[in-house]
Amino acid sequence: TGQREPLSDVVAGKVASHPCYSQNGHHRYARMHLPVAPACNLQCNYCNRKFDCSNESRPGVSSSLLTPEQAVAKVRHVAAVIPQLSVVGIAGPGDPLANIQRTFTTLEMVREQLPDLKLCLSTNGLMLPDAVERLVNVGVDHVTVTINTLDADIAAQIYAWLWLDGERYSGREAGEILIARQLEGVRCLTAKGVLVKINSVLIPGINDGALSDVSRELRASGAFIHNIMPLIARPEHGTVFGLNGQPEPNAQMIAQVRERCGEVMPQMTHCQQCRADAIGMLGEDRSQQFALTPVEES
Ligand code: SF4
Ligand code: SF4
């Protein structure tokens, strides 16, 4: 399987130091998400805009927004308190690439002020083709792209609409645009040596049969690991799926889909669906400890 392929030294180094990419790393290194990106360009039926983006986060949890200056001041503070801090990522609460100015200002400031930290970003992939060069130039070497299907008809059941270049698209057409841009973005990133993780939200009856195609195609496009996240759709979260009674997958379905996908791409099973402002080792969230930290405006 893909799991046993030898890694080059460069890739092995990138994997080992990121808690999300390496089972060992997640006990030794800490990560910090910076909630600097409020807007989104896509409407996923599992999302409630008041809360964090499900690209990475557990839906139904809200993170307080920071300006780039506040975020970077907080990184400096956290790095002084948690010496294991190795990765700083932007994962929401909306889509980082729908907030180009805020996202890149933050990344550039972190790179300048704390050059030893690794930079990471999660996105729905819609704006990825336009952003690859800038991501590589600022030194982002881990990107997560949420891809739930490669079939435009299935996409039409998962996404209500998207915005691109001032136009709103929906249905199959939106699905085709999104999928083409996600694939193009991933291929450009992997061609430049960026480590790409694919997240997929497992939605019973909608994409459970389609995720092994995602694994196969994205593996062929150079993605490194696949993270299948169970849909969370409680009515109280107010998402389209939550309100229409869409079932969540049970443990057996999750295990079966991961097993099928695992035949073609390594699977991540330790993802915690962290908040967009999570701080600490994986499985640990110290964001509250730092919530009241005064942040300097610069
Ligand atoms: Fe919500 Fe993220 Fe989907 Fe945007 S990409 S709609 S923030 S889950
Ligand atoms: Fe890692 Fe998952 Fe948390 Fe992202 S959401 S930092 S991939 S554990």
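**Note on the predicted model: helix packing, sheets, ligand shell and backbone**

1. Helix α3 passes helix α4 in a right-handed crossing. This is a predicted model, and the remarks below should be read with that in mind. The axes of α3 (residues 68–81) and α4 (residues 100–113) come within 9 Å and cross at roughly 30 degrees. On the α3 side the contact is made by Pro 68, Ala 71, Val 72, Val 75 and Arg 76. On the α4 side, Arg 102, Thr 105, Thr 106, Met 109, Val 110 and Gln 113 take part. By class, the residues of this contact are six nonpolar, three polar and two charged.

2. Leu 128, Pro 129 and Val 132 of α5 meet Arg 181, Gln 182, Glu 184, Gly 185, Cys 188 and Leu 189 of α7. The contact of α5 with α7 contains five nonpolar, two polar and two charged residues.

3. Next, the seven-stranded sheet. This sheet is open, its pairing is mixed, and its strands follow the order β9-β8-β5-β4-β3-β1-β10. The edges are held by β9 (225–230) and β10 (279–280), each of which pairs on one side only. Within the sheet, β4 (residues 118–123) and β5 (residues 140–146) pair in the parallel sense over five bridges. One residue pair to look up there is Leu 119 with its bridge partner Val 140 in β5.

4. Helix α7 lies across β5 and β8 (195–202), and its direction is at about 160 degrees to that of β5. Helix α8 (residues 211–220) lies across β8 and β9, running at about 170 degrees to β8. Angles over 145 degrees count as roughly antiparallel, so both helices fall in that class relative to the strands named.

5. The three-stranded sheet is also open, with the order β2-β6-β7 and antiparallel pairing. Strands β2 (42–44) and β7 stand at its edges with a single partner strand each, so one side of each has no neighbour in the sheet. From one strand to the next the twist averages 20 degrees. Helix α7 packs on this sheet, touching β6 and β7, and its direction makes about 60 degrees with that of β6.

6. Strands β6 (residues 159–164) and β7 (residues 167–170) run antiparallel and are joined by four bridges. Trp 161 has Ser 170 of β7 as its bridge partner, and Leu 162 has Tyr 169 of β7. The two strands form a hairpin with two residues between them.

7. Which residues come nearest to ligand 1? They are Cys 40, Cys 44, Cys 47, Cys 53 and Asn 124, out of eleven residues around the ligand. The shell as a whole divides into five nonpolar, five polar and one charged residue.

8. Two backbone features deserve a check in the viewer. Most residues other than glycine have a negative phi, and most peptide bonds are trans. Asp 165, in the loop between β6 and β7, has a positive phi near 50 degrees. The peptide bond from Gly 92 to Pro 93 is cis, with omega near 10 degrees. Pro 93 lies in the loop between β3 (85–90) and α4, and α4 is the helix that α3 crosses in the first point.

How values were computed: Residues are numbered from 1 along each chain as its sequence is written. Chains are lettered from A and ligands numbered from 1 in the order in which they are written. This is a predicted model: local features need pLDDT of at least 70, side-chain atom pairs count only at pLDDT 80 or more; totals for chains, interfaces and linings use all residues. Axes are lines fitted to C-alpha atoms, for helices over the stretch in contact, and angles run from 0 to 180 degrees between N-to-C directions. A crossing is left-handed if the near helix is turned anticlockwise from the far one by less than a right angle, and right-handed if clockwise. Two residues are in contact if their C-beta atoms, placed from the backbone, lie within 7 Å. Ala, Val, Leu, Ile, Met, Phe, Trp, Tyr, Cys and Pro count as nonpolar, Asp, Glu, Lys and Arg as charged, and the others, Gly among them, as polar. A residue is near a molecule or strand if its C-beta atom, placed from the backbone, lies within 6 Å of it. Two strands pair if DSSP finds at least two bridges between them.
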